[in-house]
Amino acid sequence: MKLRVRNQLRIAVRHSLLALTFTFCTLGTLATAAPATSKVNTTDLAVTDDSVTVGILHSLTGTMAISETGSVEAEKLAIEQINKSGGVLGRQIKIIVEDGASDWPTFAEKAKKLLVKDKTAAVFGAWTSASRKAVLPVFEKENGLLYYPTFYEGLEQSHNVFYTGQEATQQILAGLDWASKTLKAKKFYLIGSDYIWPRTSMKIARKHIEKVLKGTVVDEQYYPLGHTQFGSLINKIKLKKPDVIFAAVVGGSNVAFFKQLNAAGLTAKRQPLLTISVTEDEVLGIGGENLEGFYSSMKYFQALDLPGNKKFVQEFKNKWGNDSVIGDVTESAYLGPWLWKWAVEKAGSFDVDKVVKASENLEWKDSPHGYLKVDKNHHLWMKTRIGQWKRDGQAKIVFESDVIKPDPFPKGYQ
Amino acid sequence: MEFVKERLLGGKEGARGILILAVLLLIVFPLFLDIFRLNLVGKYLTYAFVAVGLVLCWGYGGILSLGQGLFFGLGGYAMAMFLKLEASDPESTKIQSTPGIPDFMDWNQLTALPWFWEPFNNLFFTLIAIIVVPSIFAFIIGVAMFRRRVSGVYFAIITQAIALILTVLIVGQQGYTGGINGITDLRTLLGWDIRSDSAKYILYFVNVVLLLGVIMIGKFVITGKLGRLLLAMRDKEDRVRFSGYDVASFKVFIFVLAAAMSAIGGAMFTLQVGFMSPSFVGIVPSIEMVIFAAVGGRMSLIGAVYGALIVNFGKTYFSESAPVLWLLLMGALFITVVMAFPNGLAGLWDKYKDKLNRDSLKNGFRSLGKREKTFDIKWPKITLPKFRKKETEVKGVPSNIRGDHA
C-alpha cells in the first residue's frame with residue numbers, strides 16, 4: 001500500500017516536472033516587449049505615456065555580489081527619488097533587474113536581453129572591468145546606454161557608456177602628489193592584484209613617480225585574485241623599507257593583506273600606506289582596527305562634510321538601514337540615474353544619441369561628493385580626496401584636490 | 001544506405017530520435033523563436049557538443065572527465081585568437097601605443113605580437129588548430145594517464161586539476177591571453193560581421209548541422225564493435241585487457257574524440273557569443289557540462305542535447321524571472337532530476353517506452369531501450385560460465401597468458 005502511494009507520488013512528480021518544463025518553453029517564446037512611440041521616443045525604446053523602463057545589471061549572486069549590492073541599492077534609491085519628484089519627462093521609471101551572476105558571459109547575455117527584448121532606455125550596471133568589457137560590444141552594437149559606476153583603469157571611451165567613477169589618472173596622480181608632498185615620500189613600493197586595473201594603475205603610478213616626482217619604485221608585485229599569503233611580500237617590504245606602499249589589492253585578498261601587515265608590526269606608524277582599492281565597503285570586511293592610520297585615495301568618503309552628502313547618507317540609511325555604509329562606488333552608482341534624468345530632460349527625448357549629446361557639459365553642483373561635470377569624453381570632472389582610516393571604519397579627510405579633468409588616454413603614461 | 005541507417009543513425013529508433021531533434025532545431029526553433037532567443041539556443045547547443053562527447057567518454061567509456069571545459073576553452077580560444085587579430089587591424093587600433101596588436105596586449109606593455117599568435121592570422125590554420133590542439137592535449141593527458149592505468153576518481157581529479165592549471169595560466173598571463181577579461185570585442189570573420197542578425201541565423205544553422213554531424217559520429221562509434229568494447233571496458237576493464245585488447249588505446253581514442261567534439265563546441269561558442277573568457281575553462285563550467293550530460297541521460301547522445309538545452313534554458317528562465325532566488329531554483333531542479341530519474345531524461349523516456357511496449361505488444365518487439373539489455377545477455381553467455389568455474393578456467397588457460405591476476 002505504502003509502496004503504491006509512493007510510486008504514484010513519484011509518477012505525479014515526474015508528470016508535473018514535464019509539464020513545468022513545457023510551460024517554460026512556451027513562456028519563453030511568448031515574452032515580448034510592448035513597443036510604444038511618441039515624440040520623445042523615436043527609436044522604439046520601452047517608453048509609454050506614463051512610464052519608462054530602465055535596467056539594472058549587477059551581480060546579485062556569486063563572488064562579486066557582496067561588492068555590487070551597494071551599487072544596486074544606490075541605483076534603486078536614486079530612481080525612487082526621481083520617481084517621487086515627478087519622474088523623467090513626466091514618466092515614472094520602471095526597473096528591470098537582471099543578475100550578472102559574477103560571470104562575464106552572463107553579463108553579456110543579460111545586457112543583450114535588456115536592450116533587445118526589454119528595450120530599456122538606459123542600463124545602470126557592470127562593476128568589474130571584465131564585466132564591462134563583456135557588455136561593451138553589446139551596448140555598441142545595439143546602441144544602448146550604460147552608466148558604469150566603478151573607478152577603473154581608463155583606456156576606454158565609448159559613445160554608449162558613461163563612466164561615473166574615476167579613471168586611473170584622476171585617482172592616482174593627485175594621491176601620489178600628495179604622498180610626495182605631505183609624507184615626503186621618495187621610495188614607493190607598488191602592490192596589486194593581478195588583473196587589468198591594478199596593472200594599468202601601477203603603470204601610470206610608476207611613470208608619475210619616476211618622471212614627475214623624481215622618486216623611485218623599489219619594487220612592483222602582483223598577486224593572483226584571491227591570494228591570501230602575503231608573508232614573503234611583507235618580508236620584502238621590511239627589507240626594502242619604502243616610504244610609502246602604494247596598493248591596489250582587491251576582494252578577499254585585501255582582508256588577508258591588511259591583517260598580515262598588522263600582525264607583522266607594519267602598522268601605519270611604522271609604514272605609511274596609500275591604497276586606491278579600499279572604500280568604506282572594504283573596511284567592513286577588513287576591520288577598522290587593521291586599517292587605522294592608512295590612507296585611501298578616492299573621490300568620495302561617507303564622512304564628507306557637504307550638504308549634498310548629508311542628505312544622501314540620511315536617505316540611503318532611511319531606505320536601506322542604519323548599519324549600511326556607503327563607499328565610493330556606491331556613490332558613483334547613485335549619480336547614474338540622476339545624470340541620465342537631467343540629460344533626457346535637457347534633450348527632451350529618450351533617444352540614446354540625443355541623450356548622449358545632451359550629457360556633454362552637464363553639471364551637478366551639490367552631488368554627494370560636490371561639484372561634478374560630464375566631460376565630452378564621457379567621464380566626470382571631479383575632485384580627489386585622501387582619507388585616513390579611523391578605527392570605526394570611517395575616514396578623516398586630510399586632503400582635497402581641485403576639480404580634475406578626466407583623461408582616460410593619458411599622454412606620456414602609456 | 002544500410003550503413004547510414006544502421007551505423008550513423010543507429011537503427012530505426014535512433015533515426016527517429018535524430019529526425020525529431022533535427023526538426024526541432026532546424027525548423028521549430030527558427031520558426032517560433034526570435035533571433036535573440038535563437039541565438040541563446042545556439043549558445044546552449046555549443047554546450048551540447050561537450051555533453052555528447054561526455055556521453056561517449058563517460059557513459060560508454062566509463063571515463064569521467066571533470067575537465068572538459070579545458071577542451072571547450074582551447075577550441076574557443078583558438079577561434080577567438082583569429083577573430084581578435086582580425087579585429088585589431090592597425091586602423092582600428094591606432095589609439096594604442098603599438099597599433100596592430102590586440103588591445104589587451106597593448107595595455108600589458110607588449111610591443112609585438114607573440115610568436116604563438118602569428119599563425120592565427122590564417123583561418124585555415126585556425127580551423128585545424130581548433131581540432132588538433134585540444135586533441136593533442138587530450139592525447140598527451142590520455143597517454144600519460146591511461147597507460148599508467150589511472151582511472152575512476154583519480155582520473156576525474158587530475159582532469160579537474162589540469163582545468164584549474166589552465167585557468168590560472170590564462171588569468172596570470174594576461175598580456176598573452178587577455179587574462180580574466182578574456183578575449184572580447186570580436187567583430188568580423190573574414191570581413192563578415194558576425195554580430196548581425198543574418199550572421200546569427202547562419203551561425204545557428206551551421207552550429208546545428210555540426211552538432212547533428214557530431215551525434216552521427218557518436219552513433220557510428222557506439223553501434224560498432226568499438227562501442228561494444230567501450231561498454232565492456234567500462235564494466236570489466238580487466239577482462240577486456242586479458243582478452244588481448246589494448247585497453248589504454250581505446251580509452252585514449254574516446255577521450256581524444258570527446259575533446260575534439262568539445263573544442264568544436266567552444267569554437268562555435270566564440271562565434272555566436274562574440275567572446276571567450278577563462279570562466280569556461282575552469283572547474284565549475286566543466287562540472288556543469290557533466291550535469292548537462294547527466295540530466296539528459298549519460299547513455300543517450302540525443303538525450304545529452306536535450307539535457308544541455310533544458311538546463312541552460314532553466315538557467316536563463318529562472319535568472320530572468322527570479323534574479324535573487326534563481327540559484328536555489330536551479331539547485332532544486334538538479335536535485336529533483338537526480339532523485340526522480342537517475343538515468344536522466346533519456347532514461348525516463350526509455351521507461352515510458354518500455355511500459356508502452358509491454359502494454360501493447362507483449363513480446364517480440366525489439367526496441368532501442370532494450371538493446372542495451374540484449375547486450376548484457378550476450379556478454380555473460382560467453383564469460384559467466386567460465387567465471388563460475390574459476391579453477392577449471394585457470395587450468396584451461398595456457399600458462400603464458402594467465403598472468404598474475406588469475
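Start by selecting A:Leu155, which sits in the loop between β4 (146–148) and β5 (161–163) of chain A. Helices (H or I, at least four residues) and strands (E, at least two) are DSSP runs, numbered from the N terminus. Before going further, note that this is a predicted model, in which local features need pLDDT of at least 70, side-chain atom pairs count only at pLDDT 80 or more, and totals for chains, interfaces and linings use all residues. Residues are numbered from 1 along each chain as its sequence is written, while chains are lettered from A and ligands numbered from 1 in the order in which they are written.

Most residues other than glycine have a negative phi. Is A:Leu155 buried or exposed? It counts as buried, because 20 C-beta neighbours lie inside 10 Å. The cut-offs are 20 or more other C-beta atoms within 10 Å for buried, 12 or fewer for exposed, and partly exposed in between, with C-beta atoms placed from the backbone.

Next, select A:Lys241, in the loop between α7 (231–240) and β8 (244–248) of chain A. A:Lys241 also has a positive phi, about 45°, and is not a glycine. This residue is exposed, with 11 other C-beta atoms within 10 Å.

**The two domains of chain A**

Now colour chain A by domain: domain 1 is 51–166 + 306–382, and domain 2 is 168–304 + 386–400. These bounds come from an automatic or database domain assignment. The C-alpha centres of domain 1 and domain 2 of chain A lie 28 Å apart. Their contact takes 22 residues from domain 1 and 18 residues from domain 2; two residues are in contact if their C-beta atoms, placed from the backbone, lie within 7 Å.

On the domain 1 side, show α2 (65–84), α11 (307–320) and α12 (328–347) of chain A, the elements that give two or more residues. Which of them gives the most? It is α12(A), with four residues.

**Where the chains meet**

Show both chains together. The contact takes 41 residues from chain A and 40 residues from chain B. On the chain A side, α1 (2–30), β2 (92–99), α3 (104–117), α4 (129–142) and α6 (196–212) each supply at least two residues. That side divides into 20 nonpolar, seven polar and 14 charged residues. Here Ala, Val, Leu, Ile, Met, Phe, Trp, Tyr, Cys and Pro count as nonpolar, Asp, Glu, Lys and Arg as charged, and the others, Gly among them, as polar. The predictor gives the complex an ipTM of 0.76 and a pTM of 0.82.

**Into chain B**

Chain B has 19 helices and two strands, and 43% of its 406 residues count as buried. Pick out helix α13 (residues 283–296) and helix α14 (residues 301–321) of chain B, which pack at an angle of about 115° with their axes 7 Å apart. Axes are lines fitted to C-alpha atoms, for helices over the stretch in contact, and angles run from 0 to 180 degrees between N-to-C directions. Among the residues that meet are B:Ile291 and B:Phe292 in α13(B), and B:Gly303 and B:Tyr306 in α14(B). The residues of this contact divide into 10 nonpolar, three polar and no charged.

**A last stop**

Finish by colouring chain B by pLDDT, the predictor's confidence in each residue, from 0 to 100. Chain B averages 84, and 88% of the residues score at least 70. Over residues 363–406 of chain B the pLDDT is below 50. Where pLDDT is low, the predicted coordinates should not be read in detail.
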